[in-house]
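Please open the structure in your viewer and keep the selection tool at hand.

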Amino acid sequence: MSAGLSAVEKIKTDSRLLRGSLRESLADPVTGSLREDDQSLIKFHGSYQQDDRDLREERRQQKLEPDYSFMIRTRTPGGVTTPQQWLQLDAIATRHASNGLRVTTRQAFQFPGVIKRELKATMAAINASLIDTIAACGDVNRNVLAAANPLLSSVHATVHAQARALSQHFLPRTRAYYEIWLDEELVAGADEHEPIYGATYLPRKFKTAFAVPPLNDVDVFANDLGFIAIVENGAVAGYNVAVGGGLGATHGDAVTYPRLADVIGFVTPEQVIAVAEGVVTTQRDWGNRSERKRARLKYTIDDRGLENFKAEVERRAGFALAPARPYAFEHNGDRFGWADSEDGRAQLTLRIEAGRINDRGERRLLSGLRAIAQIHEGDFRLTANQNLVIAGVTPATRAAIDALVAEYGLDLYRDASPLRLNALACVALPTCGLAMAEAERYLPELVTKLEARLQAHDLLDAPIHLRVSGCPNGCSRPYLGEIALIGKAPGRYNLMLAADHRGQRLNRLHKENISEADILDTVDALFARYAAERDGDERFGDFLVRSGMVAAKAGIPLEVRT
């Protein structure tokens, strides 16, 4: 460990609980950018400064500053919004953002392309919809995921309520957000402090998810903290607790790696907040504040030891965790199309490619969902796989909603291949500053080419999970793809293979820094073997492991440990 605090830790220390000089940066009319330190602090308020990398060189030659804009992300625990909120967010995106709405892998909305002079008005408009953006980014507990595809509506409601309560408990207590964006007056002499986070918040971002077996649609083991609902006699008896997941890594740096969470025990619903606070505060105090690349909880656990970490969490919570209870996951994708719930209502899960909700050609998602929101009596639920559930549809409105789905071309789920339905991609170029290669813009073309190879081997109906990332940081959870591409340079990727379809096994590096032609030829040969040698309904990732066609990755646990 290097000596001293990292640069970001110093920024947080000097920020006066996340205020910094944000007000002054926002008021500066000379530049579309924020001051350097404020670019870090604004993340805690739910926004990132970005610029269009496609235009960088052109603007440099014109002696102009980069084309700066801001992405705003919402805090929507479990991804739930009402139809009225949907319409308000639609209006905000239409007025202030570029290219519609975007659904993220953390069940949140993103508003891309907001310019600095519109930033405050956009934040205030989001707040007026009774949705906020605080803690959507930054070194805090971020948007809490919850299962979006319920089999039992009462169980789903219980888990969502637990997720909302946990999200609320971990909100920062600073009034900086309300002062800067909503013009709340600073109270002189107020004794303001952060009882959970402290003055410097967490060492790095922290992610929490609630899963409801048999569906692992939140990829619970990819999170720092996971709760796996144990359902007995139709009710939530409690949760198995999983700690230490995280998928970010750095190319060529062996001290960074993806890791799946370990299951450490069982808690009752009443114990959830206490054990979660024990995990968060232990990471606050034990986490690495010198090297940000080693500051996630997964490294804290590996450095200190899982049993030591568990013992400290139990000490802080004030009780011992009970032994983990049995559970089983079937898959980590979404269930598309209509499904009936026990309460007499129905759910319709729509495929949203790369999470983009806009109007493009025959598929007018933004307009179609606006029309549905005007008649829908239930709610909307974002999934962690960038899809959308129109939930709680009444029998009286089902036919009308189905007609609108067809009219506006929202019915991709009806005839798309399983590969296309389950594919994930991060934003990558042109706005992500970390991207090394294309992801979201490349995904449709890549899927089409892979579909052709699958078709040639009579495998088009094979439910294979594909994930594409522009860099190794893991926003699209690439290390859990049966096939995954991780960007190395423009047009070149690491080919990762053989995760399972339940989100319980990491994939492995198969070929490094290769072009599209090599990728397609490599997977084509694997598809041929899979078609000829698979065992019944054996999934592609499982086949690659069983057949020994993918080499094991030394030193890193590949499967969840219970």
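**A pocket and its aromatic surroundings**

The lining of the second largest pocket comprises 13 nonpolar, eight polar and eleven charged residues. Please bear in mind that this is a predicted model. The volume of this pocket is about 660 Å³. To find its centre, select N99, R356, N358, R360 and E440, which are the closest to that centre among the 32 lining residues. Next, colour strand 1 (47–51), strand 2 (68–73), strand 5 (109–114) and helix 15 (443–456); each of these elements gives two or more residues to the lining of the second largest pocket.

Now turn to the aromatic rings. The structure holds 16 aromatic pairs. For one of them, select Y442 and Y493: their rings are stacked, at 5.7 Å centre to centre and with 15 degrees between the planes. Where in the chain do Y442 and Y493 lie? Y442 belongs to the loop between strand 18 (424–425) and helix 15, while Y493 belongs to strand 21 (residues 492–497). The pair thus links distant parts of the chain, 51 residues apart. Are Y442 and Y493 buried or exposed? Both Y442 and Y493 are buried.

Then select F527, Y530, F540 and F543, which together form one aromatic cluster.

Select R325 and F266: the charged end of R325 sits over the ring of F266, 3.9 Å from the ring's centre. Finally, select R398 and W338, where the charged end of R398 sits over the ring of W338, 4.3 Å from the centre of that ring.

Notes
Residues numbered from 1 in each chain as written. Predicted model: local features only at pLDDT ≥ 70, side-chain atom pairs only at ≥ 80, totals over all residues. Heavy atoms only, no water. 1 Å grid on protein atoms, 1.4 Å probe; cavity = no way out; pocket = protein on both sides within 12 Å on 5 of 7 lines; lining within 4 Å. Points joined across faces, edges and corners; volume = space filled by probe spheres on them. Helix = DSSP H or I, 4+ residues; strand = E, 2+ residues; numbered from the N terminus. Nonpolar A, V, L, I, M, F, W, Y, C, P; charged D, E, K, R; others polar. Phe/Tyr/Trp six-rings, centres within 6.5 Å; stacked < 30°, edge-to-face > 60°. Buried < 20%, exposed > 50% of the residue type's maximum accessible area, 1.4 Å probe, protein only. Lys NZ or Arg CZ within 6 Å of the ring centre and 35° of its normal.
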